[in-house]
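Try each task before turning to its solution.

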Amino acid sequence: MANDVKIKSTDLKVFYHDFQALYEINMEIKENNVTALIGPSGCGKSTFLRSINRLNELIEGTSTKGQIYIDEIPLYDKDIDPVNLRKNVGMVFQQPSVFPMSIYDNVAYGPRIHGVKDKAILDEIVEKSLKAANLWNEVKDRIKSPATGMSGGQRQRLVMARVLAVEPQVILMDEPASALDPISTAKLEELISELKNSYTIVIVTHNMQQAARVSDYTGFFLNGALVEFNRTDELFVNPRDKRTEDYITGRFG
Amino acid sequence: MMEKLNTMVSTSSCSILAETQKRFKLSGEQFIEKILMLCAAISILAILLITLFIFSRGIPVILKTGLGNFLLNLEWAPTSGNFGIGAMFVGSLVVTFTALLWAVPLGLMTSIFMAEIAPPRIDKILGSLLELLAGIPSVVYGFFGLIVIVPFIREYLGGNGLSVLAGAIILGIMILPTIINISRDSIKAVPREYKEGSLALGATHYQTISRVLLPAARSGIITAIILGMGRAIGETMAVVMVTGNAAILPGNILSPVRTMTSNIVLEMGYATGDHQAALFATGTVLFILIVLLNFIANLASKAGRVNESN
Amino acid sequence: MKATNRLEKIINLCFWLSASVIAGIFIIIIGYIAVKGFSVVNLDFIFTAPTRAGKEGGISTTIIGTVYLTAVALLFAVPLGVSTAIYLEEYARRKSRFARLVNLTAETLAGIPSIIFGLFGFVFFVIFLNLGWSILSGGMTLAIMILPTITRTAQEAILNVPHEYRENSLALGASKWQTISKITIPSAAPGIITGIILSIGRVVGETAAIILTAGSSLGMPLSLSDPVRTMAVHLYILALEGISLERAFGTAFVIVILIIIINYMAHLSLRRLSHLSS
């Protein structure tokens, strides 16, 4: 089970107008594992992440060639509704952006737009999601108060809870810890380790220690190409490509 | 319920479900987009209708009378078929320029004061005063002019008070907020390095204002003046109430005067036939004049932006 | 050295003086109307109908006329303006010809003087559509007049909604319209409301456009096709025809108070906006 391929990218190419951001990415991401994407900024790792939930296409002038499969379903097939896809592929962004509404309404936002109206079910989802995001104990007494009053670390966990409430199969994280202090970062990493039992997680990070700590697999991107992809312990100890070695030993980037 | 949320595309039947959902959803979404676009198109429709309906009524009279004759002929005797708006055309310009004559210097001084000299608190208080001044309806200004300014002129300067001067005073007050706000913003937008550079060379604050800040803010100030002018030419109720409205060329600033806007509002109530059409023709001239002024103001502010980016 | 110093002082004095003149003008106008109007305005003045062409009685029907016209104008202009803003900011490509055309129209509409709107409303609604001098004609004319204000403030408010909100909502599987209706518009609401409040101020003060489209009947309007007189039109007629100076002062005072309240409310809602976005 843990070694089934969940996401498969074949010859994926992404263009912004004339600029090619990704070159023939081929990658197999395993179910219930954490896969880290590392590389210097502008290397295409975020672009790749955003192709998995087709968020790139919201930017004018973006075109995608090749294919990504989740459970062997081709995401870029014309029959696939990106809105439907995004219900199954959650995403956490760099800036923990909470909606200007209560903590409860933030978490209930996803289920509500997907048609859950029953108050009891919503209550249950909210509690379950906040618990799963390790936030419940901190906020259970002020769940109806505005989410904008929370600290940065709490916000990022609230955003996690909001994603979990939609019950996705895959969670994408785009540098989720870059705006957090060390303690909040540690909490977030702990959470990621817990969540991988039930979700397939892909995380973009510029912090190599973080990639080494949380991930099972790591992919190294450079100039829009996937240079190396391997088990994390293998890649960091025994890089096969010279460029990977240079990067992880801090020679550039 | 929870299971439903979780249906992905893992079986082929689910894929079909996704497809049907997509069709239904997208058509709804596209429908909304079409409706919104239609709403956006209505403002285009509005301006087309306005132009069409006013021009189609006004232009025949102008053509019949001849544009030069219509604009310059001083005789306005609609009942005997003489449609010359020369007196009103000149009247509008005279009142507007007299208003600019005092409002521009005062407004500029105040905008410099607010941008450069006043403590922030006073700048803020003046700002909200001006906001309120801009919000006071023209009919209230007209009323104030009629009750206070007109008798004052009659008492101390002569004539019956209803005059170019009364109109210019009231119009000047009304366009002050426009002039001050836009000039102040453009002075504040001048990069700080300019000012610091000048001060560092030993220039005094006032030398810096007059040699550096004002030239740099020039296009914004010109825009402010043109927009103020447009507002003055288009203003109706306040002018009607204080200028006496005689359809003759004003001899001096104490003479009564009628503007193009007053001409429309005074006679629209009872005019019919060619007379009514002549009022629409007055509106046509006014409309073109204002659009032209706004266009120039637009060019001026764009020219300023280009300069800044160079 | 001393001479320039004295010159600087004189210039400085001139600046303070010009600002004082502005403040003085403001205080004199508001103060004069307040002093003269205050003694006229009481509950009776507000709640009784004018009689003998306004020489006696209060201004109740003109208040109702103002409310009706404002309501009709907002009823048309708010949905149209907000929808236009949503379309321009969320759907249209920024540089598309259509978007530029709509923006240009809004700009042009905003610059047109109210007397032109009056002329148009008269020939189009009153005569061409045969609606007569009525609340409907006047309301729709005013709607076109305030449309640019509402569109522009709504555009600005929508533009100020952080882009991350949209991305997060879409990433949660919300459709574009769900995102707009549940996240973008609620977040932009204070700005949109500010635009609406400012527009109300404009309608309350408008005279030229109304007198040509809604008439100046002093009677109590019973339907949307009845003519009405607003407070501003009432003030105009009372003063220009010399019917009753005392009542003109009262009416002017009520209008000024209303405008001050409206301005203050717009301020409050703007402050809420900047509070939210920080």
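**Exercise 1.** What percentage of the contacts in chain A with a separation of 6 or more is accounted for by residues 24 or more positions apart? Then describe the build of chain A and say why its radius of gyration agrees with that of a compact globule.

*Solution.* The model is a predicted one, and the steps below should be read with that in mind.

Step 1. Residues 24 or more positions apart make up 68% of the contacts in chain A that have a separation of 6 or more.

Step 2. Chain A contains 10 helices and 10 strands, and 48% of its 253 residues are buried.

Step 3. Because a compact globule of 253 residues would have a radius of gyration near 18 Å, the 18 Å of chain A agrees with that expectation. The C-alpha trace of chain A spans about 55 × 45 × 35 Å along its principal axes.

**Exercise 2.** In what order do the four strands of the open sheet in chain A stand, and which strands lie at its edges?

*Solution.* Step 1. The order of the open sheet in chain A is β2-β1-β4-β5, with antiparallel pairing.

Step 1. Its edge strands are β2 (19-30) and β5 (73-74) of chain A, each of which pairs on one side only.

**Exercise 3.** Is helix α6 of chain A mostly covered or mostly uncovered, and what covers its buried residues?

*Solution.* Step 1. Helix α6 of chain A, residues 152-164, has 13 residues and reaches 18 Å from its first C-alpha to its last, close to the 18 Å expected at 1.5 Å a residue.

Step 1. A residue is buried if 20 or more other C-beta atoms lie within 10 Å of its own, and 12 of the 13 residues of α6(A) are buried, leaving the helix mostly covered. Among them are the arginines Arg155(A), Arg157(A) and Arg162(A), as well as Leu158(A) and Val159(A).

Step 2. The cover over these buried residues includes the strands β6 (89-92) and β7 (170-174) of chain A, together with the helices α3 (103-113), α4 (119-132), α5 (136-139) and α7 (182-195) of chain A.

**Exercise 4.** How many residues of chain B are in contact with chain C, and which helix of chain B gives the most to that side?

*Solution.* Step 1. Contact joins 61 residues of chain B with 62 residues of chain C.

Step 1. On the side of chain B that touches chain C, helix α2 (residues 12-65) of chain B gives the most, with 18 residues.

Step 2. The residues on that side of chain B comprise 44 nonpolar, 11 polar and six charged.

Definitions and conventions:
Residues numbered from 1 in each chain as written. Chains lettered and ligands numbered in written order. Predicted model: local features only at pLDDT ≥ 70, side-chain atom pairs only at ≥ 80, totals over all residues. Helix = DSSP H or I, 4+ residues; strand = E, 2+ residues; numbered from the N terminus. Rg over C-alpha atoms; globule rule 2.2 N^0.38 Å. Contact = placed C-beta atoms within 7 Å. Pairing = 2+ DSSP bridges. Nonpolar A, V, L, I, M, F, W, Y, C, P; charged D, E, K, R; others polar. Expected span 1.5 Å × (residues − 1).
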